[in-house]
Amino acid sequence: MYIAEVTGLLSFYKRVFPLLIYTFTYKYNDKMNDSKRELFRNLEKFYPPKGSLRILEVGCGSGANFEHYPTGCKITCTDPNPHFQKYLKKTMAKNDHLVYDSFIVASGENLKAVEDNSVDVVVCTLVLCSVNDTPKVLQEAKRVLRPVSS
């Protein structure tokens with residue numbers, strides 16, 4: 001990593017990787033459409049008693065899951081690579097059934113910019129295999145989730 005950073009390859013990779021993922025997303029979503037629809041079909045169960053469903057997507061990339069979220073959801077996105085934001089905005093424009101809250105440059109292990117008990121759903125697809133500390137990501141997800149009403 002040090003050599004890649006010194007030679008400028010890491011910076012190049014961080015800029016090109018989001019473009020590749022954005023392009024790949026369409027083919028991936030076509031293949032995975034039925035599986036994703038099944039995966040996200042129960043999101044409406046998590047609506048709070050008042051207001052819209054608040055979703056935090058950890059490692060959102062270019063927003064491959066957005067088309068499967070219920071209408072009116074408020075989406076907060078995190079990704080450690082700031083260069084995804086450009087492609088994320090394009091995806092949000094295509095998914096105008098959602099409310100885009102914010103993009104936070106952060107790893108899943110460090111979601112301190114997200115308040116405790118502030119979201120109804122945390123989505124972590126295609127990200128847990130690439131983090132350094134999976135238990136820490138899950139701990140952060142638990143921290144930001146609102147408590148379930150009894």
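Reader: Apart from neighbours within four places in sequence, with which residues is Leu 53 in contact?

Author: In this predicted model, local features need pLDDT of at least 70, side-chain atom pairs count only at pLDDT 80 or more, and totals for chains, interfaces and linings use all residues. Residues are numbered from 1 along each chain as its sequence is written, and side-chain values use heavy atoms, with hydrogens and water left out. Contact means heavy atoms within 4.5 Å. On that criterion, and leaving aside neighbours within four places in sequence, the partners of Leu 53 are Leu 43, Phe 46, Tyr 47, Pro 48, Pro 70, Cys 73, Lys 74, Asp 120 and Val 121.

Reader: Is Leu 53 buried or exposed?

Author: Leu 53 lies in the loop between α2 (9-40) and β1 (54-58); helices (H or I, at least four residues) and strands (E, at least two) are DSSP runs, numbered from the N terminus. Buried means under 20% relative accessible area, exposed over 50%, and partly exposed in between (1.4 Å probe, protein chains only). Because its relative accessibility is 0%, Leu 53 counts as buried.

Reader: How far apart in space are Leu 53 and Ile 75, C-alpha to C-alpha?

Author: In sequence, Leu 53 and Ile 75 are 22 residues apart. Their C-alpha separation in space is 8.5 Å.

Reader: Which parts does the salt bridge between Asp 116 and Arg 143 tie together?

Author: A salt bridge is a side-chain nitrogen of Lys or Arg within 4 Å of a carboxyl oxygen of Asp or Glu, and the side chains of Asp 116 and Arg 143 meet in one at 2.5 Å, N to O. The pair ties together parts 27 residues apart in sequence, because Asp 116 and Arg 143 lie, respectively, in the loop between β3 (99-105) and β4 and in helix α4 (residues 134-144).

Reader: Which residues are linked with Asp 120 in a network of salt bridges?

Author: Asp 120 and Arg 146 are both buried, and their side chains meet in a salt bridge (2.3 Å, N to O). The network that contains this pair links Asp 120 with Arg 146 and Arg 54.
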